[in-house]
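Colleague: I am new to this structure and would like to learn how to read its features. Could we go through them in turn?

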Amino acid sequence: MVIPSPSPPETYPRRILLAVAGLTPQILTETLFALAIERDPPFIPTEIHLITTSEGAERARLSLLSDDPGWLARLRRDYDLPEIAFGLEQIEVLCDAAGAPLPDIRTPEDNLRMADLITARVRELTGDPDSALHVSIAGGRKTMGYYIGYALSLFGRPQDRLSHVLAAEPFESSWDFFYPTPYSRVVVTRDNRLVDTRDGRVTLAEIPFVRLRDGLPGRLQQGTGGFAEIIAAAQRAQQPPKLVIDLAGRRLSVAGETLALEPRMLAFYSLMARRRLEDQPPARWTTEGLAEQYLTEYGRIVGAHSGDMERAEAALAGGMPKEVFEQYKSRTNATLGLALGPTLAKPYQIQPTGKRPVTCFALQLDSGAIRYEKVEG
């Protein structure tokens, strides 16, 4: 299979149009027309997803999915577009705490549920590496547009896009206008004017957005946490680095995230942190006394007289082997990267310094950003 380019969205095998809408399902057909007919090169979705209220879902069903008028099928026929997956299963309705569909968004609780619903859907759709997501903010209440735009900023990738679509006057004020038709069709505007949909114009404006995905902890990228929690995590990512090492609890606190490490990895990481606090130079497996420093940290974690400690002392009696050093460094860095994401993890990872063949390694955090949960003896 050919791997798509990371940027042009039309190259991806799964192309998704996601929109929020209230009482104007036309934004779906108008956006689809702009993307598939007017865009060069065209972006033709393979599927469409809609997030809305129960009233919005009913309007979408009757206007877009019905046999008559069936505006989505008409658009495809009029412009010879391929099959696009869009049915009731792609329409997601906001529900209240009891699971009942909501006809509108009126309370702070409704808004929070909508924010969480939108966040979950954007996170899911951007989780597929074979997908390109195009998000429209044209429909629904202003808060819905804000939430879906912000969610894309949190999870968006290079191939994802954000846009707003507008129908030119006087078509904007006509319920009967769904897209510019390739033939004459006369409709009545809300101010009782007669206009021909063949003369209609829609304008799609792509909206630049800041992509924050790589700065989010891995657990939030992969499926847990609501809108408010993710915003808080994104805000923490903008703060100066802060590392807390809890040897007794066998965990780290990094950028507000708690991360458990197995004793061998934690001992190696603590070794690097201790060297940074004591202003010792970067190290490699040949560094004098490194195995002894590692064993001191390991003993603080598993107990100086434990069986684990005895086995570690025997294994490192001749010093620290290169393969052990490399394994501990790589696994610790990988664990941090998986938990925090590449951008957020980088300040906390063990970094190389110097040139080959004598490359050394160290934590490059400011020593003032490092502390231990309690003073170790």
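Modeller: Start with Pro182, which is found in the loop between S5 and S6. Strands here (E, at least two residues), like helices (H or I, at least four), are DSSP runs numbered from the N terminus. The model is predicted, so local features need pLDDT of at least 70 and side-chain atom pairs count only at pLDDT 80 or more, while totals for chains, interfaces and linings use all residues. Residues are numbered from 1 along each chain as its sequence is written, and side-chain values use heavy atoms, with hydrogens and water left out.

Colleague: Is Pro182 buried, exposed or partly exposed?

Modeller: Buried means under 20% relative accessible area, exposed means over 50%, and partly exposed lies in between (1.4 Å probe, protein chains only). Pro182 has a relative accessible area of 43%, so it is partly exposed.

Colleague: Which residues is Pro182 in contact with, leaving aside its neighbours within four places in sequence?

Modeller: A contact means heavy atoms within 4.5 Å. With those neighbours left aside, Pro182 is in contact with Asp78, Tyr79 and Arg198. The C-alpha atoms of Pro182 and Leu112 are separated by 42 Å, and these two residues are 70 apart along the chain.

Colleague: How far apart in space are Arg250 and Pro182?

Modeller: From C-alpha to C-alpha the distance is 67 Å, for 68 residues in sequence between Arg250 and Pro182. Arg250 is found in the loop between strand S9 (243-246) and strand S10 (251-254). With a relative accessible area of 35%, Arg250 is partly exposed. Outside four places in sequence, Arg250 touches Ala260, Leu261, Pro263, Leu266, Ile301 and Val302.

Colleague: What is the phi of Arg250?

Modeller: Phi of Arg250 is near 55 degrees, a positive value in a residue other than glycine. Asn192 is another case, with phi near 70 degrees. Asn192 lies in the loop between S6 and strand S7 (194-196), and its relative accessibility of 65% is why it counts as exposed.

Colleague: How should I read the nonpolar cores?

Modeller: In soluble globular proteins, nonpolar side chains tend to be buried together. A nonpolar core is a set of buried Ala, Val, Leu, Ile, Met, Phe, Trp, Tyr and Cys residues joined through side-chain atoms within 4.5 Å. The largest one here has 43 residues, and those with the most contacts inside it include Leu243, Ile245 and Phe268. Helix H8 (residues 263-277) gives the largest share of this core, 8 residues. A second, separate core of 34 residues includes Ala36, Leu75, Ile91 and Ala167.

Colleague: What does Ile245 touch?

Modeller: Not counting residues up to four places away in sequence, the residues that Ile245 touches include Leu252, Leu266, Ala273 and Ile370.

Colleague: What is the secondary structure of the protein chain, taken overall?

Modeller: The chain has 12 helices and 14 strands. Its radius of gyration, taken over C-alpha atoms, is compared with the globule rule, 2.2 Å times the number of residues to the power 0.38. The chain's value is 28 Å, well over the 21 Å that the rule gives for 377 residues, so the chain is more spread out than a compact globule. Along its principal axes the C-alpha trace spans about 90 × 45 × 30 Å. Of the 377 residues, 49% count as buried.
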